[in-house]
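Welcome, and thanks for taking a look at this one with us. Please open the sequence and the model side by side, and then follow the short tour below.

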Amino acid sequence: MHFYGTQSVTNDGHLMIGGVDTVELSRTYGTPLFIYDLELIRKRARGFIDTFNRLGIKAEVAYASKAFSCIAIYQLANEERLSLDVVSGGELYTAIKSGFPAERIHFHGNNKSYAELELAFDTKIGCIVVDNFYEIELLKQISEARKQPMRILLRVTPGVEAHTHDFITTGQADSKFGFDLNNGQADEAFQKVVNHPYIQLLGLHCHIGSQIFETDGFSLAAGKLMQKISIWKEQNQFECTVLNLGGGFGIRYTEEDHPLEPQVYVEEMIKTVQENVKEYKLSMPEIWIEPGRSLVGDAGTSLYTIGSQKTVPNIREYIAVDGGMSDNIRPALYDAKYEATIANKANEQRNFTYTVAGKLCESGDKLIIDGVLQKAEPGDLLAVFCTGAYGYSMASNYNRVPRPAVVFVESGEHQLAIQRESYEDLVQNDLPFTLNKVSVK
Ligand SMILES: *Cc1c(COP(=O)(O)O)cnc(C)c1O
């Protein structure tokens with residue numbers, strides 16, 4: 001069994017996280033339950049930030065909070081001196097509610113609404129990452145009407161494809177995101193914003209994909225962006241102060257994944273940027289990065305209670321848990337793979353092959369196919385590892401299943417970060433049927 005962060009197993013076979021017994025957590029908070037190991041999140045954050053500091057490079061490490069967004073995680077991110085990426089008015093609102101410093105919030109998205117952009121101006125966030133020509137027009141309208149400045153980056157697609165799953169690649173030319181760097185659109189966007197009285201162009205942004213396990217893609221992309229910046233400097237005396245190379249740093253979901261340490265990605269990026277600075281005779285820009293998954297992914301564990309079992313003779317043994325695609329859509333959506341253990345029998349032999357099904361009314365609602373586990377019985381607890389990113393944040397109320405609770409653990413202590421939804425919560429926005437019914441003769 002692979003342990004993440006502070007995980008261990010007690011003599012009686014209970015999985016411990018952050019010095020807290022997961023069996024105890026299930027009794028206190030119920031299941032399904034998301035458990036976050038704060039020590040591991042801090043370690044990852046420091047791995048990125050400390051490397052920039054050690055090498056004397058000005059940087060912002062922005063937590064891409066679509067991976068997992070709530071008030072408590074934003075407060076932890078602030079404590080760790082991270083910046084923050086938000087991609088919607090809802091995430092921005094949550095960040096402001098959490099007390100996160102507005103000047104370290106960056107706003108992303110390929111279709112930000114007028115109202116969302118106004119919220120960004122109202123709250124005076126640090127930077128908007130501009131995605132398209134329509135957004136430039138909206139920004140001009142809003143900033144001119146208010147006579148209020150706004151710092152921006154232009155998001156470009158450098159045509160670099162990270163080696164990853166097709167569904168989650170955003171860096172290639174055929175993308176809904178950003179201005180194409182190679183077909184003139186990025187230059188056109190630059191001309192539209194460069195001399196604007198309120199829009200302050202800091203530099204360029206790119207995000208080349210997700211679950212990236214090598215540094216070449218980042219280096220290639222950085223080179224392309226800086227080449228473009230050097231042309232703009234020559235032609236327009238443009239001084240680039242920020243180069244944002246995005247997120248997508250890979251994590252270990254299963255033994256097939258071999259991620260690099262945060263410091264390796266950062267060191268390699270810095271080296272490439274410095275080389276390009278030299279080659280193109282630029283001044284060294286700040287480097288911004290945007291880790292999401294790699295900050296919170298393997299720090300999260302989902303805890304379920306096992307219920308029914310079904311044997312399909314000679315084919316498959318199913319065990320079903322009290323959650324599923326409503327709290328983890330990734331297996332159904334991306335064919336994502338996970339590892340698990342029975343949290344109250346973690347020290348027992350793994351001699352059984354089970355397919356872990358959820359409880360949702362959908363045949364594709366399977367969390368793990370043919371996983372090797374300890375013998376499962378009703379009432380046992382199943383811990384699925386590495387569910388901290390794009391798990392809770394993609395959760396739904398399909399089948400009117402309430403969304404799970406989220407608990408933080410650290411140094412033997414635990415606290416609720418998000419309450420479990422109640423049935424009452426599920427109907428709180430429902431209204432009674434009042435239209436006059438056509439009488440049936
Ligand atoms: C999703 C996203 C990220 C974070 O990606 P991870 O794979 O979670 O690290 C960073 N930047 C942008 C623009 C994104 O869309």
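Is the crossing in which α8 passes α9 left-handed or right-handed? It is right-handed. Keep in mind as you look around that this is a predicted model.

**Helices α8 and α9**

- Helix α8 spans residues 216-236 and helix α9 spans residues 262-280; their axes come within 9 Å and cross at roughly 30 degrees.
- Angles under 35 degrees count as roughly parallel, so α8 is roughly parallel to α9.
- On the α8 side, the contact is made by Phe-218, Ser-219, Ala-222, Gly-223, Met-226, Gln-227 and Ser-230.
- Facing them from α9 are Tyr-265, Glu-268, Met-269, Thr-272, Val-273, Asn-276, Val-277 and Tyr-280.
- By residue class, this contact of α8 with α9 has 8 nonpolar, 6 polar and 1 charged.

**Helices α5 and α6**

- Helix α5 (residues 114-123) packs with helix α6 (residues 133-146) at an angle of about 45 degrees, and their axes are 10 Å apart.
- The two helices, α5 and α6, are therefore oblique to each other.
- Here, too, you can check the handedness on screen: α5 passes α6 in a right-handed crossing.
- From α5, the residues Tyr-114, Leu-117, Glu-118, Phe-121 and Asp-122 take part in the contact.
- Their partners in α6 are Glu-135, Leu-138, Leu-139, Gln-141, Ile-142, Ser-143 and Arg-146.
- The residues of this contact of α5 with α6 divide into 6 nonpolar, 2 polar and 4 charged.

**The ligand site**

- The ligand is surrounded by 14 residues, and the closest are Lys-66, Gly-248, Glu-290, Arg-293 and Tyr-390.
- Gly-248 places a polar backbone atom 2.9 Å from an oxygen atom of the ligand.
- Arg-293 also uses its backbone: one of its polar backbone atoms is 2.7 Å from an oxygen atom of the ligand.
- With His-207 it is the side chain that takes part, with a polar atom 3.4 Å from a nitrogen atom of the ligand.

**Backbone details in two loops**

- Thr-31 and Pro-32 are joined by a cis peptide bond, with omega at about -5 degrees.
- You will find Pro-32 in the loop between α1 (22-29) and β4 (33-37).
- Lys-147, a residue other than glycine, has a positive phi, near 50 degrees.
- To locate Lys-147, look in the loop between α6 and β9 (150-157).

Technical notes
Residues are numbered from 1 along each chain as its sequence is written. This is a predicted model: local features need pLDDT of at least 70, side-chain atom pairs count only at pLDDT 80 or more; totals for chains, interfaces and linings use all residues. Side-chain values use heavy atoms; hydrogens and water are left out. Axes are lines fitted to C-alpha atoms, for helices over the stretch in contact, and angles run from 0 to 180 degrees between N-to-C directions. Helices (H or I, at least four residues) and strands (E, at least two) are DSSP runs, numbered from the N terminus. Angles under 35 degrees count as roughly parallel, over 145 as roughly antiparallel, 65 to 115 as roughly perpendicular and the rest as oblique. A crossing is left-handed if the near helix is turned anticlockwise from the far one by less than a right angle, and right-handed if clockwise. Contact means heavy atoms within 4.5 Å. Ala, Val, Leu, Ile, Met, Phe, Trp, Tyr, Cys and Pro count as nonpolar, Asp, Glu, Lys and Arg as charged, and the others, Gly among them, as polar. A residue is near a molecule or strand if one of its heavy atoms lies within 4 Å of it. A polar contact is a pair of N or O atoms within 3.5 Å; within protein, one must be able to donate a hydrogen and the other to accept it, and residues adjacent in sequence count only if both atoms are side-chain atoms.
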